[in-house]
Amino acid sequence: MRVRTTGDAAVLDHLKTPSAIVGYLDQYVIGQEEAKRILAVAVYTHFRKVARARRDAVPIAKSNVLLIGPTGTGKTLTCATLARVLGVPFVTAEATSLAQSRFVNDEIEAILQRLLDGADGDIDRAQHGIVFIDEIDKLKAPGGEPRALSGESVQHALLKIMEGSMVRLPGGKYVDTSGVLFICGGAFVGLDRIASQSHTYGYISTSKDDNPAILERLNARVKPTDLFEFGLIPEFTGRLPITARFRDLSRDMLVRIMTEPRDSLYAQFRDLFAAEGAELHVAREVFEQLADLAIEYRTGARSLRGLFEELLAPVLYQLPDDPSIGKVVIESLFAEPQLVRRGAAAT
Ligand SMILES: Nc1ncnc2c1ncn2[C@@H]1O[C@H](COP(=O)(O)OP(=O)(O)OP(=O)(O)O)[C@@H](O)[C@H]1O
Ligand SMILES: [Mg+2]
């Protein structure tokens, strides 16, 4: 039998270093430097372990990752971009929909089936993919009462596959999840309050030589006990030894998100306008105004697209009918867009 060189072998052979991974992420994800580094090291280490497990036929001691951060700050984006740079199949699932289904295991099989589909049916590749489970914080009990039963049973079901098990798919094929990296994400609203109250259990300075920066970092860590108090079962938090925090996006970061990434909103719309034969110019002030609105909406960067599209919709309505428009200039949210006709001054 011929040994096929599969996609995951490519990952293992050409695994980028953590800094190269971060360099790639930087092209798409603005800010979140600490989280990007932690994730890059986590995936790098994971695929190294996978390679070693293959070579020496030893089990993989997995380190799945927990991402904590407010909505719309780049958690899903970062994971999807990571999977792209690594060239591994990637699926996302919502913990809440797992909790709502009557048969959790069917849902879990469906997730792994999607992973296999993402690997074009190549089991080997699927077994080294990344599964991102969002809204993991919703598996806690509503209204402070400790741990709703359904949420807890979902955590138990997830435990098994996160650690690594053989899962039989509806088609009869088996997927071994021991090489699959699980990344869980959630906003964990209220976790900071819990953490600050549990601060006394953190590290305290024992000698004046202790490096305050390191102490501060240790104390800022999210502790498994905090997650437990939040409502996740200890066995579950124990399977997520690595945590990375995503921070609220500042006004400046929101402006950069609209303008800097390779596929930024601005770049996308400039392309769209160019296809209609017109140049689009949006002043920096406009992006700042949009960022202010986005901050007000409290959905991270998520509302930016809608706001931007709303701004440009009237022009995009007019543009295809009027080939004489060569340039569109927008200087403020509160001013009409200027339509510059070919060979003429602005109107
Ligand atoms: N740090 C960032 N850099 C670039 N774009 C970002 C960033 N954060 C958010 N965005 C933009 O906002 C959109 C939503 O972000 P994303 O889906 O990653 O949020 P999330 O953190 O997963 O939120 P949720 O907790 O609601 O799932 C992205 O598709 C992207 O366009
Ligand atoms: Mg998300």
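The model is predicted, so local features need pLDDT of at least 70 and side-chain atom pairs count only at pLDDT 80 or more, while totals for chains, interfaces and linings use all residues. Residues are numbered from 1 along each chain as its sequence is written, chains are lettered from A and ligands numbered from 1 in the order in which they are written, and side-chain values use heavy atoms, with hydrogens and water left out.

Q: Which residues coordinate the magnesium ion (ligand 2)?
A: Donors are N, O and S atoms within 2.8 Å of the metal (3.2 Å for Na, K and Ca); water is not among the atoms, so sites may look incomplete. At 2.0 to 2.5 Å, the coordinating residues are Thr76 (OG1) and Asp134 (OD).

Q: How many residues apart in sequence are the parts that Thr76 and Asp134 tie together?
A: Helices (H or I, at least four residues) and strands (E, at least two) are DSSP runs, numbered from the N terminus. Thr76 belongs to helix α4 (residues 75–86) and Asp134 to strand β3 (residues 130–134), so the parts tied together are apart in sequence by 58 residues.

Q: Is Asp134 buried or exposed?
A: Buried means under 20% relative accessible area, exposed over 50%, and partly exposed in between (1.4 Å probe, protein chains only). Thr76, at 32%, is partly exposed. Asp134 has a relative accessible area of 15%, and therefore counts as buried.

Q: Which helix gives the most to the lining of the largest pocket?
A: At least two lining residues come from each of α4, α13 (251–259), α14 (265–275) and α16 (304–318). With 3 residues, the helix that gives the most is α4.

Q: Where is Phe188, a residue that Leu227 touches?
A: Leu227, in helix α11 (residues 224–230), has contacts (heavy atoms within 4.5 Å) that include Phe188, not counting residues up to four places away in sequence. Phe188 is buried, at 3% relative accessibility. Its place is in the loop between β6 (181–186) and α9 (191–197).

Q: What is the phi of Asp120?
A: Most residues other than glycine have a negative phi. Asp120 lies in the loop between α6 (104–118) and α7 (123–126). Although Asp120 is not a glycine, its phi is positive, at about 55 degrees.
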